[in-house]
Amino acid sequence: MRAKEITETGFKPFDAMHIACAEFADADIFLTTDGKLLKNAHKNIELLNVKIYNPVLWLTEVKTK
């Protein structure tokens, strides 16, 4: 199960489930304000199949393009 794999990289179970659901839904982006989740996502970016961003930073980035 993908959520279990994600949990093994240090994500909390509910966070892992949300990330796995976003991957399954083929989401382009997963927005969160959870600092620990963002930090862990940055450390494990190569293992995740969805981009994880802070919504404020993402919006700033999108508006400047």
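Start by selecting Glu-5, which has a relative accessibility of 44% and so counts as partly exposed. Keep in mind as you look around that this is a predicted model.

Glu-5 and Arg-2 form a salt bridge, with 3.0 Å between the closest N and O atoms. Both sit in helix H1, 3 residues apart, which puts about one helical turn between them. Arg-2 is partly exposed too, at 25% relative accessible area.

Next, bring in Glu-23. Here is another salt bridge to Arg-2, its closest N and O atoms 2.6 Å apart. Because Glu-23 belongs to helix H2 and Arg-2 to helix H1, this pair ties together parts 21 residues apart in sequence. Glu-23 is buried, with a relative accessible area of 12%. Show the three side chains together: shared partners join Arg-2, Glu-5 and Glu-23 into one salt-bridge network.

Then select Lys-4 and Glu-8, whose side chains meet in a salt bridge at 3.7 Å, N to O. Both Lys-4 and Glu-8 are exposed. The whole structure holds 3 salt bridges.

Time to turn to the nonpolar side chains. The largest nonpolar core has 14 residues, and those touching the most other members are Ile-6, Phe-11, Ile-19, Phe-30, Leu-48 and Ile-52. Color helices H1 (2–7), H2 (13–24) and H3 (35–43), the elements that each supply two or more core residues. H2 gives the most, with 4.

Which residues is Ile-19 in contact with, leaving aside neighbours within four places in sequence? Select Ile-6, Phe-11, Phe-30, Leu-37, Leu-48, Val-50 and Ile-52 to see them.

Conventions
Residues numbered from 1 in each chain as written. Predicted model: local features only at pLDDT ≥ 70, side-chain atom pairs only at ≥ 80, totals over all residues. Heavy atoms only, no water. Core = buried A, V, L, I, M, F, W, Y, C linked by side-chain atoms within 4.5 Å. Buried < 20%, exposed > 50% of the residue type's maximum accessible area, 1.4 Å probe, protein only. Contact = heavy atoms within 4.5 Å. Salt bridge = Lys/Arg side-chain N within 4 Å of Asp/Glu carboxyl O.
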